[in-house]
Amino acid sequence: MNKKYGKVAVLMGGNTPEREISLISGRAILESLQKSGVDAYAFDPTEKPLQHLQSDGYARAFVIIHGKGGEDGKLQGALEYLGIPYTGSGVMASSIGMDKHRTKLIWQSIGIPMAKSQYLEKTGYKQGDFKLQVKLPVVVKPVDDGSTLGLSKVYDENQLYQAIDFAFQNSERVLIEEMIVGDEYTITVFDGKVYPVVKIEAPEGEYDYQNKYFTDDTKYICPYDLGALQQKINDWALAGYNAIGASGVARLDFMVDKESNVYFLEINTLPGMTNHSLVPMSLAAAGYSFDQLCLMILDGASIAK
């Protein structure tokens, strides 16, 4: 038995739109930790209150609850209140990272290239008064959801209002971004170190919920060398990670168009750990197994972030 970590709760599931993916990630992590001799157990907050982490004697929490309530700072704040060291980013970084609009404002202020966008709030939105301020085609998405939930690609104005209404079903706030036509990539930053890029080649360019998690049709190329752009991308990724105060593992998604212009999309402070996930792929290219990665993440469990 690996006594270094004490009793570990793998926080998975939760009452979020991404519960299904969280459970898949959580089971993979739990199996890995147990294989490494860690005294680890599944803990789903929908089945028992978080206070049981204290009463049941847990020493650390491995957080893998994706989406609202799991990676937006709320769970992190509760764990700090309970005094349970946890993995990943802290309250502030989790909250900002989940908010695509505020992440964009911060990143643009330090020169990280991003697509032009328009921000909408449900309370002030009226279809008849709305004027599009960015050029079609656009991508319409909720400000605070992940896994492409509520996202639509819009090519003409007739589709626009339906896409906005669809995004508002998932969030009170929406971003409309100019669509970038190009290749999609992701890059991992772990404890301030940049890891290899993954190039994503999804069927017909649709890297949606289904193609992310449930098909084998999407191709991944890792490590992928972007040549003359690579150092700039590494620098931007690290700057973006540091600007929101991230810690532990984070994944930053970006695109490169045909003119070699780079556009960063968002940061994920609690990336997936399924067999289709990109962070394990990136770390594997750097020589780390999935079991090693899980222990490295667990090593970083703390309260002060």
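Me: In which sense do strand 1 and strand 3 pair, and over how many bridges?

Reply: First the idea: strands of a sheet pair through backbone hydrogen bonds, either parallel or antiparallel. In this predicted model, strand 1 (residues 2-11) and strand 3 pair in the parallel sense over four bridges. Look at V10: F62 in strand 3 stands opposite this residue.

Me: What is the strand order of the open sheet?

Reply: The order is 2-1-3, with three strands and parallel pairing. Strand 2 (38-43) and strand 3 (60-63) stand at the edges. Each has a single partner strand, so one side of each is left without a neighbour in the sheet. Neighbouring strands are turned by 30 degrees against each other on average, direction ignored.

Me: Which strands does helix 1 touch?

Reply: Helix 1 (residues 19-35) packs on the sheet and touches strand 1, strand 2 and strand 3. Its direction makes about 160 degrees with that of strand 2. Now find helix 3 (residues 74-82). This helix lies across strand 1 and strand 3 and runs at about 175 degrees to strand 3.

Me: How many cavities of 30 Å³ or more does the structure hold?

Reply: The idea again: rolling a probe the size of a water molecule over the atoms shows where empty space is left. Here there are three such cavities.

Me: What lines the second largest cavity?

Reply: This cavity holds about 40 Å³ of space. Among its lining residues are V63, E71 and Q76. By class, they count as two nonpolar, six polar and one charged across the whole lining.

Definitions and conventions:
Residues numbered from 1 in each chain as written. Predicted model: local features only at pLDDT ≥ 70, side-chain atom pairs only at ≥ 80, totals over all residues. Heavy atoms only, no water. Pairing = 2+ DSSP bridges. Helix = DSSP H or I, 4+ residues; strand = E, 2+ residues; numbered from the N terminus. Axes fitted to C-alpha atoms, helices over the stretch in contact; angles between N-to-C directions. Contact = heavy atoms within 4.5 Å. 1 Å grid on protein atoms, 1.4 Å probe; cavity = no way out; pocket = protein on both sides within 12 Å on 5 of 7 lines; lining within 4 Å. Points joined across faces, edges and corners; volume = space filled by probe spheres on them. Nonpolar A, V, L, I, M, F, W, Y, C, P; charged D, E, K, R; others polar.
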